[in-house]
Amino acid sequence: MAITASIAAPYPSRLGATTTRLPAEVDPLRLPNHVAIIMDGNSRWAKARGIAKERQLRAAAEACYSNAREIVRLSSDWGIKALTLFAFSTENFLRPREEVDQWMQQFDRVLSLDDPATILLDGIQFRCIGDTARLPRPLQAKISDAQSITSGNTGMKLVMAIGYGGHNDLVQACQALAREVEQGKMAVEEIDQINLAKRLMLGERCEDVGAPELLVRTSGEQRLSNFMLWHLAYSELVFEKKLWPDFGKEEYKNALVEFQGRMRTFGVRH
Ligand code: IPE
Ligand code: MG
């Protein structure tokens, strides 16, 4: 009786009472390992909802992460191995002070295991890429705690790009290589694509996560905005018209179906 019951039990979810099954239209054998998302359109969403101006910034940040939490959960349930969320760019530091503060406060909340808004769902391994030295000190400590607390987990890798810029990533990798050459640890001829990629933030901090096969950007904007410039060289790009807080299960499924319908030849003739 006990054996029958355990066989009949639904697949256990690491993240909650129920696991959302991968939609039938998506082939589980051709899922991207790594999905990257530019979560754009949060401010427009808050404005379009008629939220009073003084509450828009907070509403945008909260809606952004309430949806991010849902997409983290779905990605994990569906078997995505790594999810990178573009949370804050190097250029976003130039936004008005109160907006920057609002996003920083929100990151603090969602990186706290004891906050109901946390995106550190059960089993997730949290990593961070970006120039974290530019972030407020308490947030730097939160990031470091979140990374160490979740380092023993075996579930999906959640990479948050905070204070991240693709140009900055490449520059700091070049500096690291130049330093090694200067110190006699590496010959100029040894600088190749593998060695460069290892010194990029993803390579340094998440060495087991490869380039994203799929990039999704919401809100109808069709550009990369300085996101993972090296890694996106051969990624499939999917641009979704909906604003990020409205990007749900259906839109995510559509992006995966679109990805699976693309012919990926990597420049080689087949
Ligand atoms: C993206 O949402 C989040 C961050 C840049 C931190 P936006 O704030 O860019 O929202 P829109 O694009 O102005 O609507
Ligand atoms: Mg935007």
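A polar side-chain atom of Asn42 lies 2.9 Å from an oxygen atom of ligand 1, a polar contact in the sense of a pair of N or O atoms within 3.5 Å (within protein, one must be able to donate a hydrogen and the other to accept it, and residues adjacent in sequence count only if both atoms are side-chain atoms). This is a predicted model, in which local features need pLDDT of at least 70 and side-chain atom pairs count only at pLDDT 80 or more, while totals for chains, interfaces and linings use all residues. Residues are numbered from 1 along each chain as its sequence is written, chains are lettered from A and ligands numbered from 1 in the order in which they are written, and side-chain values use heavy atoms, with hydrogens and water left out.

**Ligand 1**
- Backbone N or O atoms also approach oxygen atoms of ligand 1: one of Arg44 at 2.7 Å and one of Gly41 at 3.4 Å.
- The protein buries 86% of the 380 Å² that ligand 1 exposes when taken alone (Shrake-Rupley method, 1.4 Å probe; for residues, only the protein chains shown count as cover).
- The residues around the ligand, those with a heavy atom within 4 Å of it, include Met39, Asp40, Ser43, Phe88, Arg95 and Trp103.

**The sheet**
- Six strands form an open sheet with parallel pairing in the order E3-E4-E2-E1-E5-E6; strands (E, at least two residues) and helices (H or I, at least four) are DSSP runs numbered from the N terminus, and two strands pair if DSSP finds at least two bridges between them.
- Strand E3 (125-129) and E6 stand at the edges with a single partner strand each, so one side of each lacks a neighbour in the sheet.
- On average, neighbouring strands are turned by 20° against each other, direction ignored.
- Five bridges join E3 to strand E4 (residues 157-164) in the parallel sense, and Cys128 stands opposite Met160 in E4.

**Helices on the sheet**
- Helix H4 (residues 97-110) touches strand E2 (82-89) and E4, its direction making about 150° with that of E2; contact means heavy atoms within 4.5 Å.
- Helix H5 (residues 137-149) lies across E3 and E4 and runs at about 140° to E3; axes are lines fitted to C-alpha atoms, for helices over the stretch in contact, and angles run from 0 to 180 degrees between N-to-C directions.

**Asn226**
- Asn226 belongs to the loop between strand E5 (214-217) and strand E6 (236-239).
- Its relative accessible area of 12% makes Asn226 buried (under 20%; exposed is over 50%, partly exposed in between; 1.4 Å probe, protein chains only).
- A polar atom of the Asn226 side chain lies 2.8 Å from the backbone nitrogen of His167.
- Beyond four places in sequence, Asn226 touches residues including Thr90, Glu91 and Tyr164.
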